[in-house]
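Subject: Structure handover

Hello,

Please find the structure below.

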Amino acid sequence: MLSQATLKRFDEGKNVLHGKVAIVTGSTYGIGFAIARRLAQDGACVLLCSRKRDNVDKAIEQLKAEGLNISAIQCHVGNKEDREKLVATAIEIYGKIDILVCNVAVNPFVGPILDTTEEMWEKVFHINVISTFFLIKLVAPHIQKQGGGSIIICSSFIGYIPHPYVGPYSITKTTLLGLTNIMAQALRFMNIRVNGLALGIINTNFSKVILKTPELSSKLIPLGVYRIGEPQECAGIASFLCSEDASYINGENIAVTGGMRGRL
Ligand code: NAP
């Protein structure tokens, strides 16, 4: 575990995103929340979202109390109308979009891959991959209007080291590594950079299932996990990738794993 003093250091904003407008999906708790908070601490106006009204209210209350420039909307990214409303809301409130962080993912099943159903595959691909692509497609013309900007796709180390106990989820994360590359090629003529974060094991609700499944948790030490990361440790790199300091970084998947392998 990191000390409180170290964790507090992550909260010191650097203003590198002053004047920028960002949408972060799945941002009412966990990694998305930490990224939304950091982008706002670094000067951006941030629209956060998630499915549940209570979570949206709680997140916005906390971040507004910290004096951050935040708005929030209830949005299920798997729903086309919700995605359209998300983008329309950003334009209505801020008049533009410069940054999109696609953070949402689901993992509907943990167990032997031969026990998975067609419905599970459809759900996990729909939320993790298809919705990500269609949100990017919707947002890109708005970023282009600003002369360019940045998109981040949250993937996972498991995209590089797929595991049959989280088979469909693993494969969506491998697909997102590819989507990052393809979208970077497709959008570079709009001056939009697309980069990915291949995240390691991070201390959130999402990772609890991995840690309590022996078939998965027993693999972590051999893979080089010497400690679990904190959500704040994923946020600075997201802010950097969105900033001008990363202006020549495009199409990369950056491993944020504390040393676990992050390459194909
Ligand atoms: P988390 O703690 O479960 O948080 C998920 C967030 O997304 C919440 O704000 C949740 O709020 C929202 N959400 C879930 N489904 C949504 C949907 N369909 N539409 C809109 N919002 C939705 O997850 P996390 O650990 O922060 O993971 C974030 C990303 O990092 C994911 O892409 C995950 O694959 C990746 N990742 C995580 C780990 C890890 O160890 N934690 C490792 C590798 C990669 P509501 O419940 O209100 O919707």
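This is a predicted model: local features need pLDDT of at least 70, side-chain atom pairs count only at pLDDT 80 or more; totals for chains, interfaces and linings use all residues.

Residues are numbered from 1 along each chain as its sequence is written, and side-chain values use heavy atoms, with hydrogens and water left out.

The shell around the ligand takes two or more residues from each of α2, β5 (149-156), α6 (167-187) and α7 (205-211). Helices (H or I, at least four residues) and strands (E, at least two) are DSSP runs, numbered from the N terminus. In total, 29 residues surround the ligand, with Ser50, Arg51, Asn103, Tyr169 and Thr204 the closest; a residue counts if one of its heavy atoms lies within 4 Å.

- Asparagine 103 has a polar backbone atom 2.7 Å from an oxygen atom of the ligand.
- Tyrosine 29 has a polar side-chain atom 3.0 Å from an oxygen atom of the ligand.
- Valine 77 has a backbone N or O atom 3.1 Å from a nitrogen atom of the ligand.

The ligand taken alone exposes 900 Å², and the protein buries 97% of that (Shrake-Rupley method, 1.4 Å probe).

Helix α2

Helix α2 covers residues 30-41, 12 residues in all, and spans 17 Å from its first C-alpha to its last, close to the 16 Å expected at 1.5 Å a residue (1.5 Å times one less than the number of residues). Because 11 of its 12 residues are buried, α2 is largely enclosed by the rest of the structure; buried means under 20% relative accessible area, with a 1.4 Å probe and protein chains only. The buried residues include Phe33, Arg37 and Arg38. Just after α2, glycine 43 takes a positive phi of about 110 degrees.

Other local features

Serine 156 belongs to strand β5 and is buried, at a relative accessible area of 5%. A polar atom of the serine 156 side chain lies 3.0 Å from the backbone nitrogen of isoleucine 158.

Asparagine 191 sits in the loop between α6 and β6 (192-199). Asparagine 191 is not a glycine, yet has a positive phi of about 65 degrees.

Regards

Notes
Buried means under 20% relative accessible area, exposed over 50%, partly exposed in between (1.4 Å probe, protein chains only). A polar contact is a pair of N or O atoms within 3.5 Å; within protein, one must be able to donate a hydrogen and the other to accept it, and residues adjacent in sequence count only if both atoms are side-chain atoms.
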